[in-house]
Amino acid sequence: MELVKNIAENISVESPDFSNCINVVEHNLEITGIETTVRFHYLKFDGNKQPMVKALADTLYAYIIDYCLSAKNRDETLTARQSTLLTKEARSLFRHPEISDESPDKTGEAGETLLYFLMEAVLKAPQIVSKMELKTNHKDEVKGSDGIHARWNDELEVVDFYFGESKLYKNVSDALTSALKSINDFHDIKMYEHEFNMVTKHFKYADEAVKHEISQLFINGNPGADVRVNHACLIGYDYKGYDDVLSEPRSNLISRFEDELLSNAESLVRKLQEKLDKFEKKHLVFDVFFLPFPSVVDFRNAFNEALD
């Protein structure tokens, strides 16, 4: 597995692009009974104390070639003309819903793209299958998980495979419930067998030696001894805390916002704990990204406007 150990070299997302838009909140909150890492993030504020919704949406747009199209199907260094054509091809894979106040975007594509961004930037786990380009019709939804990523775990000496689950809801409890139901169904119908087979058939990168090494990790679509199954969950939700700090002077805005967010985080972890206590598949491993938005609808719309 010497080649697989270097899989992080395939990460596309650059760390400054993450840190330019999103902050990390340190905490000591924990989940018991099931191995879970809880992560709290929030949108940075611009100079006018506005959360950087549009900046994040535009940053995600800059990665749509990497997100949508396999590296093995394009040159490593693109000319301006190639970049233009591939951007057009990538844009065509999104559903481009009609957006209005009466009919906001209800697709999951903004959240799925953001989760890809987080898995690469934070988990250092590169995407290994470009599921978007496998759609036969741009109006289709991506079947199965919201993304397949992997990284070498040096401590455990296993390959961590991450199946993504993105939920952007107004209500955080509803997002958690929906995410865990999707993951439960994913295993009940043995969707992981299909997804692991996709890894061997549609490996994103051109290196056949690495592809062969990865294919040897599975046994008839099941994880072998050197594979650990993880679920990376993005829980995006509406949070009024962005408005609550508008009257704060800039010198105090971040500390006040983070204090309020941490106070709120305790109740979120309790909600997650309650739901995981009832979750039967205790052998799974979770990475949960909590990311509040001023409005998840506005974020979806900003992403779709970037695509247009």
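Which side chain meets that of K281 in a salt bridge? The partner is D188, with an N to O distance of 3.0 Å.

## Basis of the model

This is a predicted model, in which local features need pLDDT of at least 70 and side-chain atom pairs count only at pLDDT 80 or more, while totals for chains, interfaces and linings use all residues. Residues are numbered from 1 along each chain as its sequence is written, and side-chain values use heavy atoms, with hydrogens and water left out.

## The K281–D188 pair

A salt bridge is defined here as a side-chain nitrogen of Lys or Arg within 4 Å of a carboxyl oxygen of Asp or Glu. The K281 and D188 side chains meet in such a bridge. K281 lies in the loop between helix 10 (250-277) and strand 9 (285-293), and D188 lies in helix 6 (residues 172-188), so this contact ties together parts that are 93 residues apart in sequence. Helices (H or I, at least four residues) and strands (E, at least two) are DSSP runs, numbered from the N terminus.

K281 has a relative accessibility of 14% and therefore counts as buried. Buried means under 20% relative accessible area, exposed means over 50%, and partly exposed is in between (1.4 Å probe, protein chains only).

## Other salt bridges

The structure holds 15 salt bridges. Side chains of opposite charge can pair when their charged atoms come close. One of the bridges joins K5 and E2, at 3.2 Å from N to O. K5 is partly exposed, with a relative accessible area of 34%, whereas E2 is exposed at 54%.

Another bridge links E260 to R256, with the closest N and O atoms 3.8 Å apart. Both residues lie in helix 10, four residues apart, about one turn of the helix. E260 is partly exposed at 41% relative accessible area, and R256 also counts as partly exposed, at 25%.

## Surface charge

A patch of negative charge on the surface gathers D154, E155, E157 and D226. Patches are made of residues with over 30% relative accessible area and no salt bridge; like charges are joined within 9 Å, and nonpolar side chains (Val, Leu, Ile, Met, Phe, Trp, Tyr) within 5 Å. Areas come from the Shrake-Rupley method with a 1.4 Å probe; for residues, only the protein chains shown count as cover. Lys and Arg count as positive and Asp and Glu as negative, without His or the chain ends. Each charge is placed at NZ of Lys, CZ of Arg, CG of Asp or CD of Glu.

## Cysteines

The count of disulfides (pairs of cysteine sulfur atoms within 2.5 Å) comes to zero. The C21 sulfur is 18 Å from the closest cysteine sulfur, in C68, which is too far for a bond. C21 is buried, at 2% relative accessible area, and C233 is buried, also at 2%.

## Two further positions

Y162 is found in strand 5 and counts as buried, at 1% relative accessibility. Y162 and L123 are 39 residues apart in sequence, with their C-alpha atoms 9.6 Å apart in space.

T177 lies in helix 6 and is partly exposed, with a relative accessible area of 41%. Its C-alpha atom is separated by 16 Å from that of I34, 143 residues away along the chain.
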